[in-house]
Amino acid sequence: MTLTKRIIPCIDVDLDEEGDAAVYTGVNFEDLRYSGDPVEMARKYNEAGADEFVFLDITASAEGRETMLDTVSAVADECFIPLTVGGGIRTREDIKETLRAGADKVSINSGAIAEPSLIDAGADAFGSQCIVISVDARRRFDEAGEQYVEVDGESCWFECTVKGGREGTGLDVVEWATEAEERGAGELFVNSIDADGTKDGYDIPLTRAVCESVSTPVIASSGCGGPEDMEEVFVDADADAALAASIFHFDEYGIDEVKRYLADRGVPMRL
Amino acid sequence: MSEARTETGSEERLADVVVVDYGLGNLRSATRGLERAGASVTVTDDPDAFADADGVVLPGVGAFREGMENAGPYREALVDHAEAGRPLFGICLGMQMLLTTSEEAERAGQGDVEGLDLVPGRNVRFSTDRKVPHMGWNELDVERDHPLVDGVDGEHAYFVHSYYAVPDDGDAVVASTEYGERFPAVVATEAGNVMGTQFHPEKSGETGLRILRNFVEYCAER
């Protein structure tokens with residue numbers, strides 16, 4: 001198989017003080033730092049050879065929705081690579097209008113946990129390939145889980161959280177991933193609350209556990225500090241795509257540089 | 001109509017292309033890609049508009065049954081357009097709709113849903129011994145000459161699909177790619193005016209824009 005592994009820059013988009021869409025990047029759990037204009041960044045990564053682009057609307061407000069759809073359209077106009085849009089998608093109508101605005105795929109997180117049949121409805125109407133189910137996983141070392149893996153010598157399970165990790169759901173990530181796939185999800189987008197912002201690398205046990213339990217492609221997210229972390233998540237966890245934000249936004253690494261590093265180490269890349 | 005539009009556009013427009021709006025999916029990227037490739041694009045759900053166009057594009061995101069149901073009102077106009085020897089380009093689901101039928105509809109218990117039958121054959125699902133959908137960048141191997149694939153042999157294109165085309169006639173395959181097995185990435189009729197890509201050229205970076213430019217130039221020459 002010659003399918004290449006994907007390198008995906010991700011932008012978190014909020015409204016600035018003037019009500020315009022702007023990209024913000026979290027730095028070590030702390031402040032969100034303004035890091036650019038969404039359309040400019042789409043253009044930059046499109047030209048730099050990114051394999052895909054992820055746009056997450058973090059406004060979570062009704063009034064922001066209209067601005068965000070306009071911004072999605074402006075971004076889509078610059079994006080001749082696949083564009084995934086997430087944030088606040090709760091209904092079939094939300095899916096439809098996001099796709100119509102120019103997204104190729106929608107990423108659904110808490111909306112699907114609250115109403116799992118949204119996955120079936122979305123897949124039936126628009127095809128599985130544009131339904132991405134996103135999870136914000138958190139490690140738990142208690143007895144409440146369903147599927148356990150060994151982490152640092154301890155038995156660990158992964159819980160789906162909502163509201164940026166502030167609220168647990170009791171739902172086991174691996175169980176949920178399996179259910180989401182059965183319902184028609186075409187891809188899984190796995191974030192780690194534990195790894196987010198650390199730059200210490202992706203949560204390998206988490207990513208591996210999800211990859212082993214589903215047959216859909218898996219995007220690993222959270223914790224990337226550099227190309228060596230991407231190599232680890234591709235080789236050790238078998239992820240299909242690696243997502244990163246700050247290392248690209250703050251120009252610590254270029255897309256091309258990362259891809260060459262990986263290709264030199266035998267990871268199939270589109271150069 | 002089309003002349004008036006050409007005159008108002010100050011920059012050079014090579015051809016008038018209609019993108020069929022059958023109510024599903026992302027038309028925006030296909031439209032922008034074609035525009036960047038030099039086309040003057042009309043997005044329309046009016047089959048009468050096909051007659052004025054140099055080329056027609058059937059875009060594709062969605063499920064086969066809904067696609068065909070929604071394309072129902074255009075079936076005759078699309079077939080007429082193709083049979084008149086004029087360019088028709090199906091993208092992804094739009095390519096699958098050029099064939100006769102699809103397992104996708106059968107699996108959903110919807111019986112045989114008729115495709116356009118311009119490229120006889122059927123669409124089948126990948127077996128489950130690999131990750132499905134086939135999603136990502138894969139390499140194009142050009143199998144035979146066709147204007148659409150000029151200059152793209154060995155390049156990567158972006159695929160997102162769970163089903164793939166199996167044309168009855170192997171010569172319909174213009175380019176292939178491999179995902180567990182070899183399957184068609186680009187198909188075309190013998191006459192060449194009906195063509196389709198399983199991948200999304202509008203999402204395949206420079207390679208995809210090259211393919212769209214090839215199509216627009218082909219339309220301009222007709």
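**The sheet in chain B**

Mentor: This is a predicted model. Chain B has an open sheet of 8 strands in the order S2-S1-S3-S4-S13-S12-S11-S8, and the pairing is mixed.

Trainee: Which strands stand at the edges?

Mentor: Strand S2 (39-44) and strand S8 (141-142) of chain B do. Each has a single partner strand, so one side of each has no neighbour in the sheet.

Trainee: How many bridges join S8(B) to S11(B)?

Mentor: 2 bridges, and S8(B) and strand S11 (residues 173-179) of chain B run antiparallel. Asp141(B) stands opposite Ser176(B) in S11(B).

Trainee: What packs on the sheet?

Mentor: Helix H2 (residues 28-36) of chain B is one of the elements that do, touching S1, S2, S3 and S4 of chain B. The direction of H2(B) makes about 160° with that of S2(B). Helix H4 (residues 75-83) of chain B also packs there, touching S3, S4 and S13 of chain B, with its direction at about 125° to that of S4(B).

Trainee: Switching to chain A. Is Asp229(A) buried or exposed?

Mentor: Asp229(A) counts as buried because 21 other C-beta atoms lie within 10 Å, and the cut-off is 20 or more. Asp229(A) lies in helix H8 (residues 227-235) of chain A.

Trainee: What does Asp229(A) touch?

Mentor: Leaving out residues up to four places away in sequence, Asp229(A) touches Gly201(A), Tyr202(A), Gly223(A) and Cys224(A). Its C-alpha atom is separated by 8.7 Å from that of Lys199(A), 30 residues apart along the chain.

Trainee: And what follows H6(A)?

Mentor: Gly184(A), with a positive phi near 120°. The buried residues of H6(A) include Trp176(A) and Glu181(A).

Definitions and conventions
Residues numbered from 1 in each chain as written. Chains lettered and ligands numbered in written order. Predicted model: local features only at pLDDT ≥ 70, side-chain atom pairs only at ≥ 80, totals over all residues. Buried ≥ 20, exposed ≤ 12 C-beta atoms within 10 Å, placed from the backbone. Helix = DSSP H or I, 4+ residues; strand = E, 2+ residues; numbered from the N terminus. Contact = placed C-beta atoms within 7 Å. Pairing = 2+ DSSP bridges. Axes fitted to C-alpha atoms, helices over the stretch in contact; angles between N-to-C directions.
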